[in-house]
Amino acid sequence: MEFVQNFPFICIILSLFSGPLSSILDRKKAKWVNITVITAIGAMNVAVLQFVIRTGEAYVYRMGHFSAPWGNEIRVGVLEAVMAVFFCVIMLLSMIGGSLERERELEPSKENLYYIMVNLLLSSLLALIYTNDLFTAYVFVEINTISACGLIMIKQNGRTIVGATRYMIMSLLGSGMLLLGICFLYGITGHLLMSNIQEIVRKIYSVGQYRMPLLVALGLMSVGLAIKSALYPFHGWLPDAYGYSTVSSAAILSSLVSKGYIFLLIKIFSRVIGFDIVRDSRVVNVLFVFGIVGMIMGSVDAIRESNVRRMIAYSSVAQIGYIYMGLGLGTTAGVIASLFHIISHAATKSLLFVAASGLTDASNDSTDFFDLTGAGYRNKLAGVAFTVGSLSMVGIPACAGFISKLLFAQASVEAVHKLLPALIALAVSTVLNAVYFMKTVIRIYTPEKKEVLAAKQFTPAHMSDQKAKSVAMICFIALNLLLGLKSEPIVELLQSGLQMFA
Amino acid sequence: MSRKKSEQEYEQTLSFRLRQWLDGTKDPFLDTVEMKPQRPYQETHESALQRKAEKERVIETVFDEEHNAELRIFKKIYRVFSVIFCISLVLVLLTGVSGLPPFGQASNPVNNEVPERYIESGLQETGAVNIVTGMILDYRAFDTLGESHVLFIATCTVLILLRIDKKKGRNSMESLQADDRSHEPKNDVILQTSARFLVPLIVIFGIYVILCGHLGPGGGFSGGAVIGAGLILYLNAFGFARTERFFTAKTYKWMSFGALACYALAKSYSFYTGANEIHSVIPLGTPGAILSSGLILLLNICVGIVVAGTMYTFYVMFRKGGY
């Protein structure tokens with residue numbers, strides 16, 4: 001065994017260890033530990049990615065002295081490594097981009113608690129990505145839920161507490177359903193290890209045994225994870241949680257936490273149950289319908305919203321709808337489109353949150369739509385970043401969002417019965433996206449009247465005042481353009497990763 | 001007077017003493033106690049006004065049903081839908097359960113090679129007489145590692161929500177309202193006397209449960225909970241002034257860090273050696289001896305420390321927002 005193969009395990013342990021470590025450090029040191037740990041984990045995952053690409057096959061890493069069904073194990077393939085690298089990059093940039101806000105909005109003595117949350121969140125995301133055991137996944141889903149809740153409410157005002165409470169209730173309902181689903185599955189297969197479950201599921205499916213419990217288990221797990229990742233009718237917690245929490249929390253929550261659950265769902269579909277059985281069970285059709293409704297309704301809600309942060313939050317509902325629509329197509333191409341959209345949406349949405357915070361900084365901290373008039377001139381880089389993010393969300397060529405929409409459209413061609421609704425939803429949703437994002441872009445580039453400017457005394461933000469945020473925004477823009485212009489190798493990686501994933 | 005006995009005569013009787021004992025006016029150590037009713041809660045004028053304003057705001061602006069048609073419709077639909085949702089969830093679960101294999105049959109799918117090996121060779125492979133401990137702390141130690149961090153992060157979330165920090169000032173409104181130290185020490189003799197007997201017993205029992213987790217029923221989670229309960233009883237009997245001598249925020253931080261770091265390091269060693277097929281130097285010992293079963297004893301102690309700290313911290317945070 002090569003030393004590189006230990007890296008996924010070291011990553012998980014390192015981020016777990018850095019959580020308690022941050023609790024004894026003061027906030028400055030905790031911040032450095034956090035940044036270092038995320039960077040180190042990102043670098044290690046790059047090495048792992050290179051290794052798996054070179055060997056061309058996934059490998060199993062045994063956690064301890066006992067092999068698979070008795071002990072725990074993690075499984076590493078191209079797809080997992082790609083996801084881990086992207087999650088680290090986006091988390092790092094979100095943390096850098098929101099550092100000023102954290103200093104301003106959090107109680108200084110509680111800032112190191114924030115880093116504990118982020119470190120443990122990272123470890124849970126990594127474990128969700130790499131684990132090959134359903135129960136381990138559940139344990140780390142718990143860590144994920146609690147730390148996300150902490151990230152929301154650490155900026156303490158009424159709205160975040162309400163948002164966190166809602167998030168907690170909905171998310172625990174989702175966790176409960178996931179756990180029940182796992183119990184059902186364990187009851188009929190007798191295994192918790194993903195590959196073993198699939199073996200038994202195929203056996204009992206072919207003889208027609210336990211059809212009902214299998215369907216119920218599949219339904220419970222899908223609905224549970226859909227609730228946790230804010231699929232349309234379950235999105236009530238989302239606007240408050242994303243709209244009022246501190247910037248890095250909003251960016252991390254929207255781009256990573258919900259995506260971790262979707263990744264787990266994809267894993268359950270393809271590795272635990274088997275994608276063909278899922279397709280036969282028609283659960284995907286339900287997800288497809290809710291995804292399409294979400295695409296439209298999320299955008300409609302966003303158009304009606306006058307608070308920019310909440311508008312971006314509602315746009316997440318629409319984008320989650322896209323991902324579930326792709327899954328609901330029930331084809332490999334659909335899953336690849338969804339996976340690409342997980343990445344491209346993560347890169348874009350965190351860019352938008354950071355850029356929006358730059359714009360509100362230059363508008364006396366008001367998040368109201370009309371107060372942002374001319375903010376693009378007061379904070380030039382944030383204006384550019386917001387424009388790039390918006391273009392990417394709408395799906396203009398050369399941006400990340402375009403590629404994912406293209407992939408969705410291509411994927412829907414393969415699914416004959418779903419072609420028409422998928423294409424119509426894509427078109428309508430794109431137009432609606434354009435309505436609210438372009439409206440905002442035009443608003444931030446509309447010069448404000450002189451008398452208003454004089455009355456409000458805005459402080460224009462310069463790059464030198466917010467170096468960290470500028471660096472983060474530039475990196476995010478580059479990432480977006482990279483995903484938009486050089487998408488082919490990434491799509492190929494996802495394709496080869498998905499092949500060795502199941 | 002229609003009394004059969006005089007006052008002095010009545011005070012000599014057993015029934016009078018029983019009455020006194022029940023009322024708590026007579027104490028064997030303190031002699032006759034004058035019972036004072038507790039001071040009723042008195043609200044200051046400002047806080048009363050604030051409370052009223054908040055209530056009105058909630059009723060008039062947040063839940064303004066007259067002008068907010070969306071809310072009105074939502075409230076109506078909400079009731080219907082929640083009932084429908086619950087009923088359908090119950091139905092789905094019942095249909096699912098009815099299709100499951102019957103409980104306790106030997107031919108069930110869960111009775112496969114996995115529990116077989118746990119039961120048959122668990123003792124030789126882990127050295128733990130208690131198979132459950134062997135399973136959670138050796139076979140599936142990675143899950144338990146995550147689980148102990150769940151406890152840790154839960155405490156951190158409670159700290160975020162409830163800890164009152166010195167920066168705001170000990171005398172700020174919030175901290176004064178939350179701080180109930182002014183009622184201390186309570187010097188409740190019954191509580192203190194029984195605590196003096198019980199707390200050492202409870203803590204020793206908790207330590208026993210932790211240390212013998214690999215030999216019999218018990219382990220870190222249950223033993224830690226017992227110790228935490230003992231600490232909470234001690235705190236209630238003797239007040240914060242006494243507990244602060246040995247348990248402060250700093251103690252908790254270092255305790256949980258030490259325990260979790262120890263767990264992570266010990267387990268990383270065994271994960272690493274296990275995955276790379278390196279021989280682990282940790283001996284399993286003779287099953288049944290206290291120093292046996294490899295790392296399990298150490299891990300149990302770590303988990304126990306984390307759980308005890310978590311229990312105590314939860315209580316302290318919910319009571320007054322600080323150690």
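This is a predicted model: local features need pLDDT of at least 70, side-chain atom pairs count only at pLDDT 80 or more; totals for chains, interfaces and linings use all residues.
Colleague: Which helix of chain B gives the most residues to the side that touches chain A?

Modeller: The contact takes 46 residues from chain B and 54 residues from chain A. On the side of chain B, two or more residues come from each of α4 (69–98), α5 (113–126), α7 (141–162) and α12 (249–275). The element that gives the most, with 15 residues, is α7(B).

Colleague: How many residues of the side of chain B that touches chain A are charged?

Modeller: Chain B places 46 residues in the contact. That side divides into 25 nonpolar and 13 polar residues, and the number of charged residues is eight.

Colleague: What percentage of the residues of chain B count as buried?

Modeller: Chain B has 13 helices and two strands. Among its contacts with a separation of 6 or more, 70% join residues 24 or more positions apart. A residue is buried if 20 or more other C-beta atoms lie within 10 Å of its own. Of the 323 residues of chain B, the buried part is 27%.

Colleague: Are α13(A) and α14(A) roughly parallel or roughly antiparallel?

Modeller: Helix α13 (residues 283–304) and helix α14 (residues 308–328) of chain A pack with their axes 7 Å apart, at an angle of about 160°. Angles over 145 degrees count as roughly antiparallel. Therefore α13(A) and α14(A) are roughly antiparallel.

Colleague: How many residues of the contact of α13(A) with α14(A) are nonpolar?

Modeller: The crossing of these two helices, α13(A) and α14(A), is left-handed. Their contact includes eight polar residues and one charged residue, and the number of nonpolar residues is 16.

Colleague: Is α14(A) roughly perpendicular or roughly antiparallel to α19(A)?

Modeller: The axes of α14(A) and helix α19 (residues 419–444) of chain A come within 12 Å and cross at roughly 165°. The cut-off for roughly antiparallel is an angle over 145 degrees. The relation of α14(A) to α19(A) is therefore roughly antiparallel.

Colleague: Which residues of α19(A) make the contact with α14(A)?

Modeller: The crossing of α14(A) and α19(A) is left-handed. The residues of this contact divide into seven nonpolar, two polar and no charged. From α14(A) come A:V308, A:M311, A:A318 and A:M325, and from α19(A) come A:A422, A:A425, A:S429, A:Y436 and A:T440.

Colleague: Are α7(A) and α8(A) roughly parallel or roughly perpendicular?

Modeller: Helix α7 (residues 158–189) and helix α8 (residues 194–207) of chain A have axes that come within 10 Å and cross at roughly 65°. Angles of 65 to 115 degrees count as roughly perpendicular. The arrangement of α7(A) and α8(A) is therefore roughly perpendicular.

Colleague: Which residues of α8(A) meet α7(A)?

Modeller: The crossing of α7(A) and α8(A) is left-handed. On the side of α7(A) the contact involves A:L185, A:I188 and A:T189, and on the side of α8(A) it involves A:I197, A:I200, A:V201 and A:I204. These residues divide into one polar, no charged and six nonpolar.

Colleague: Which residues does A:F476 touch, not counting residues up to four places away in sequence?

Modeller: The largest nonpolar core has 242 residues, and those with the most contacts inside it are A:M91, A:A355 and A:F476. With residues up to four places away in sequence left out, A:F476 touches A:L93, A:A347, A:S350, A:L351, A:V354 and A:A385.

Colleague: Is A:N379 buried or exposed?

Modeller: A:N379 lies in the loop between α16 (375–378) and α17 (380–394) of chain A. Its C-alpha atom is separated by 9.3 Å from that of A:S363, 16 residues apart along the chain. Because 31 other C-beta atoms lie within 10 Å, A:N379 is buried.

Colleague: Is A:D365 buried or exposed?

Modeller: A:D365 is found in the loop between α15 (332–361) and α16 of chain A. Its phi is near 60°, a positive value in a residue other than glycine. Because A:D365 has 10 C-beta neighbours inside 10 Å, it counts as exposed.

Key. Residues are numbered from 1 along each chain as its sequence is written. Chains are lettered from A and ligands numbered from 1 in the order in which they are written. Two residues are in contact if their C-beta atoms, placed from the backbone, lie within 7 Å. Helices (H or I, at least four residues) and strands (E, at least two) are DSSP runs, numbered from the N terminus. Ala, Val, Leu, Ile, Met, Phe, Trp, Tyr, Cys and Pro count as nonpolar, Asp, Glu, Lys and Arg as charged, and the others, Gly among them, as polar. Axes are lines fitted to C-alpha atoms, for helices over the stretch in contact, and angles run from 0 to 180 degrees between N-to-C directions. Angles under 35 degrees count as roughly parallel, over 145 as roughly antiparallel, 65 to 115 as roughly perpendicular and the rest as oblique. A crossing is left-handed if the near helix is turned anticlockwise from the far one by less than a right angle, and right-handed if clockwise. A nonpolar core is a set of buried Ala, Val, Leu, Ile, Met, Phe, Trp, Tyr and Cys residues joined through C-beta atoms within 7 Å. A residue is buried if 20 or more other C-beta atoms lie within 10 Å of its own, exposed if 12 or fewer, and partly exposed in between; C-beta atoms are placed from the backbone.
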